[in-house]
There are 2 protein chains.
Amino acid sequence: MTPIPFQLLIDALGTGQHQPVVDAAQQFNAADLAEFIEQNIGNSAGNGLFQKLPMALRAKVLGYINSADQVTLTQATPLAELAELATEMPSDDRADFFNLLDESRQQLLIKLLGHQDREDLTSLLAFEEGTAGALMNTDYAMFESGISAGSAIDILRATATDKETIYQTYVVDEHHTLIGVVSLRRLIIAPPDTIIDSLIANGLVFAYTDTSQDGVARLITKYDLLALPVLNADNRLIGIITYDDAMDVIEEEATEDIHKGGSVSNLDNGINAASPFSLYRSRIQWLVILVFANIFTGAGIAHFEELIGAHLALLFFMPLLVASAGNAGAQSATLVVRGIATGDVVNRDWLKLFKKELVVASALGLTMAITVWTVGIFRTELAIATIVAITMVAVVLAGGLIGILLPLLLNRLGIDPAAASIPLITTIADVSGVLIYFTIATAILSP
Amino acid sequence: MTPIPFQLLIDALGTGQHQPVVDAAQQFNAADLAEFIEQNIGNSAGNGLFQKLPMALRAKVLGYINSADQVTLTQATPLAELAELATEMPSDDRADFFNLLDESRQQLLIKLLGHQDREDLTSLLAFEEGTAGALMNTDYAMFESGISAGSAIDILRATATDKETIYQTYVVDEHHTLIGVVSLRRLIIAPPDTIIDSLIANGLVFAYTDTSQDGVARLITKYDLLALPVLNADNRLIGIITYDDAMDVIEEEATEDIHKGGSVSNLDNGINAASPFSLYRSRIQWLVILVFANIFTGAGIAHFEELIGAHLALLFFMPLLVASAGNAGAQSATLVVRGIATGDVVNRDWLKLFKKELVVASALGLTMAITVWTVGIFRTELAIATIVAITMVAVVLAGGLIGILLPLLLNRLGIDPAAASIPLITTIADVSGVLIYFTIATAILSP
């Protein structure tokens with residue numbers, strides 16, 4: 001990938017004139033213009049470029065800019081100009097942008113929009129964030145059943161600029177109920193007098209307004225859709241969600257899952273954009289819960305205080321045994337949690353996975369027992385090395401099995417299995433590891 | 001989402017006849033037929049349905065089926081039929097499928113393919129897995145510079161069925177060098193005598209054959225592309241990658257990152273499909289490395305044996321202090337590693353993130369110190385509760401900062417920052433935790 005030649009823009013901005021900037025901007029992709037503006041949000045170049053773009057392009061570029069910078073860029077924009085900008089935006093971007101404004105500006109702005117735009121906006125704002133309703137776009141191409149392919153194409157030609165996509169068109173009955181989807185590919189190949197209904201694709205796929213954004217992304221990925229139609233409770237078509245929004249959702253959901261895996265919850269932004277307070281809030285909850293959980297591990301150790309006092313050498317091996325239990329558990333939990341998230345693993349797989357882990361964790365435990373026994377005989381007496389080796393097999397097995405079963409149990413109970421974060425699994429494996437270690441040691445060392 | 005009415009298929013298969021099955025299959029989406037076949041791979045229904053599908057649909061369905069099941073379904077297929085199937089497949093799916101066959105069948109099959117298909121296949125097989133070359137499809141719509149929009153649409157109409165997509169068309173010069181991309185939307189809106197060159201979109205985006213699949217996915221996501229053109233080293237257009245392949249890559253890369261975060265490396269499949277041996281192999285490496293790393297923690301404890309022997313109560317708090325260091329580190333490492341993966345965090349952010357973590361981890365450490373001091377005074381003497389509280393602030397700070405700096409350091413050194421898995425960070429934080437704890441305890445308790 002070649003670096004983007006932003007110098008062209010910098011030079012044009014340097015002239016201080018309007019037209020050279022507009023001409024230079026024409027040579028860039030909207031996403032690149034957005035990147036330049038984001039990089040220069042602190043200085044005059046960012047805002048300068050944004051204000052000089054023609055309104056339609058400005059609306060397009062704004063859709064690629066992150067929320068915080070959208071606010072910075074438009075806070076000084078007069079209301080009339082803001083209304084013009086909002087009118088040019090796709091309906092989904094417009095609703096997102098509107099949500100960023102303070103309430104007084106929202107009230108004033110909404111009055112300046114055209115009737116149709118105002119209605120669209122009000123209806124989109126009513127949907128809960130994270131649902132299909134909040135993601136969807138209301139600018140879709142729709143035809144009533146019975147129209148010919150030729151007329152459909154003529155209409156598309158005339159209206160294409162206002163539509164989010166014309167590559168999928170939607171056929172509805174007189175009540176606006178969705179009957180089927182026709183691709184532009186089929187429309188264009190068909191003889192012009194073909195009735196559109198005969199071009200409908202097999203197997204209608206759709207979401208309802210309350211379908212989760214994760215569900216939306218799964219449907220679009222599974223069926224390789226360009227766009228997914230969204231229906232209201234009466235099966236009437238009221239919007240579409242395009243593949244690019246699904247890609248953003250997949251990335252967002254992966255980030256959320258990865259964060260949960262590290263016991264970071266409910267963080268809207270990445271670490272770079274997040275405020276110290278929101279980072280604190282997203283981290284403190286699990287840290288405190290895990291402190292209390294670790295008190296059990298401490299209590300486990302305290303319970304064996306006498307044994308430990310008599311054989312302090314046992315302490316040397318404690319961290320590696322306890323950590324191995326946690327690490328094996330972290331691995332199997334990671335595999336199961338991701339498997340559940342991608343749909344690869346379902347609840348009824350539990351016995352199969354349990355048996356497989358029995359095999360895998362035994363093999364892992366044995367390998368590690370041999371390793372640690374070899375280290376042990378150079379470091380301590382044979383009895384302790386043997387205790388450590390036996391314990392290793394037991395704790396890796398215990399950790400591995402906990403990592404398999406806990407996420408599946410949570411999922412079965414309707415709790416997000418990602419709550420079985422690595423730190424939580426590690427903590428549970430820790431306490432099991434301590435108890436197993438000192439129980440085995442007691443059995444072997446006690447007279 | 002309503003359940004898919006697979007009973008229709010089961011009933012049709014029950015008749016034992018061909019036509020009812022074909023008729024029933026027409027009502028389903030190819031992805032759903034693939035799902036039905038995968039669910040019934042062990043019994044006669046899966047194979048029965050697959051064999052009865054018309055060849056074009058069979059090829060389409062096969063593209064949605066996982067590799068292992070593709071092998072199962074086609075292992076008894078006669079070569080002539082296999083060649084017919086391969087001919088119907090899109091070029092990228094065909095190359096993937098070909099790679100699954102054993103060498104002797106590959107040799108025989110390739111001879112049965114048409115000249116063009118054979119050339120396409122041979123060239124695609126030459127590219128390294130995980131690159132744009134291995135992902136791309138060679139069935140794109142291309143026009144030489146200078147053609148009119150009307151003629152272009154006429155040609156698209158005639159050839160659309162063979163193309164992966166007709167919604168993006170590519171304009172090349174007489175040497176096949178890519179000049180620009182024209183969307184079907186623009187082609188269709190333009191007056192028919194418009195020269196295609198004037199419809200080219202701003203800002204050409206493309207990949208080379210050796211661009212990584214991760215890079216491909218980033219480009220498609222950033223620019224919201226329907227398809228990304230792929231060039232050879234001479235800037236000649238030789239393929240395209242469509243958005244649906246990018247979605248699969250995003251998901252695949254997220255899975256890889258999540259696995260690495262749990263110290264599971266190089267696993268091609270999910271836990272359900274992976275063999276016990278491949279699971280063992282992907283897990284043992286880090287487990288053994290971490291055992292050796294934990295020996296340092298053990299040595300740390302051994303170093304303070306005398307202190308511990310004199311104050312066994314210190315042991316009770318060891319797990320929660322050491323775990324808190326690891327947990328805080330797991331959180332900050334998770335945030336940084338994901339930030340680097342999504343492009344949110346770059347190396348030059350290190351100082352900013354370090355300072356932010358200083359604030360956040362101090363606040364986290366103080367909250368936890370207060371919590372643990374309150375628990376401590378009920379459980380032990382004031383001196384030890386105070387040692388524990390001071391240690392808590394120090395270890396959370398240490399863990400948090402290690403979690404920020406280690407991934408950035410690895411990235412700076414050109415090592416995948418995801419190698420800073422949670423178990424590794426936890427282990428490093430553990431040893432730091434032990435040393436900090438007993439050093440503080442020695443300072444306060446020693447006479």
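Two strands are taken to pair if DSSP finds at least two bridges between them, and helices (H or I, at least four residues) and strands (E, at least two) are themselves DSSP runs, numbered from the N terminus. The structure described here is a predicted model, in which local features need pLDDT of at least 70 and side-chain atom pairs count only at pLDDT 80 or more, whereas totals for chains, interfaces and linings use all residues. Residues are numbered from 1 along each chain as its sequence is written, chains are lettered from A and ligands numbered from 1 in the order in which they are written, and side-chain values use heavy atoms, with hydrogens and water left out.

In chain B, three strands form an open sheet of mixed pairing, in the order 4-5-6. Its edge strands, each of which pairs on one side only, are strand 4 (207-208) and strand 6 (237-242) of chain B. Strand 4 of chain B runs parallel to strand 5 (residues 227-231) of chain B, and the two are joined by two bridges; within this pairing, Tyr208(B) stands opposite Leu231(B) in strand 5 of chain B. Strands of a sheet pair in general through backbone hydrogen bonds, either parallel or antiparallel.

An antiparallel arrangement is found in chain A, where five bridges join strand 2 (residues 168-172) to strand 3 of the chain. Tyr170(A) stands opposite Val181(A) in strand 3 of chain A. The two strands form a hairpin with five residues between them, and His176(A) in the turn has a positive phi of about 75 degrees. Strand 3 (residues 178-183) of chain A is mostly covered, five of its six residues being buried, where buried means under 20% relative accessible area, exposed means over 50%, and partly exposed lies in between (1.4 Å probe, protein chains only).

Positive phi values also occur in loops. Most residues other than glycine have a negative phi. Asn235(A), however, has a positive phi near 65 degrees and is found in the loop between strand 5 and strand 6 (237-242) of chain A, where it counts as partly exposed at 30% relative accessibility. Asn235(B), likewise not a glycine, has a positive phi of about 65 degrees; its place is in the loop between strand 5 and strand 6 of chain B, and its relative accessibility of 30% makes it partly exposed.

Among the helices, helix 15 (residues 243-261) of chain A has 19 residues and reaches 27 Å from its first C-alpha to its last, close to the 27 Å expected at 1.5 Å a residue, the expected span being 1.5 Å times one less than the number of residues. Because 14 of its 19 residues are buried, helix 15 of chain A is largely enclosed by the rest of the structure. This helix is followed by Ser263(A), whose phi is positive, near 55 degrees.

Over all chains, a search of the whole structure finds 20 salt bridges, each defined as a side-chain nitrogen of Lys or Arg within 4 Å of a carboxyl oxygen of Asp or Glu. In helix 15 (residues 243-261) of chain B, Lys260(B) and Glu256(B) lie four residues apart, about one turn of the helix, and their side chains meet in a salt bridge (3.6 Å, N to O). Lys260(B) is partly exposed, with a relative accessible area of 23%, and Glu256(B) is partly exposed as well, at 37%. Salt bridges that share partners also join Asp32(A), Glu35(A) and Lys222(B) into one network. A further salt bridge links Asp154(B) with Arg157(B), whose closest N and O atoms are 3.7 Å apart; both residues lie in helix 12 (residues 149-159) of chain B, three residues apart. An α-helix has 3.6 residues a turn, so residues three or four places apart point the same way. In chain A, a salt bridge is formed between the side chains of Arg236(A) and Asp234(A) (3.9 Å, N to O), and Arg236(A) is partly exposed, with a relative accessible area of 33%.

As for confidence, pLDDT is the predictor's confidence in each residue, from 0 to 100. The mean pLDDT of chain A is 91, and 99% of its residues reach 70 or more.
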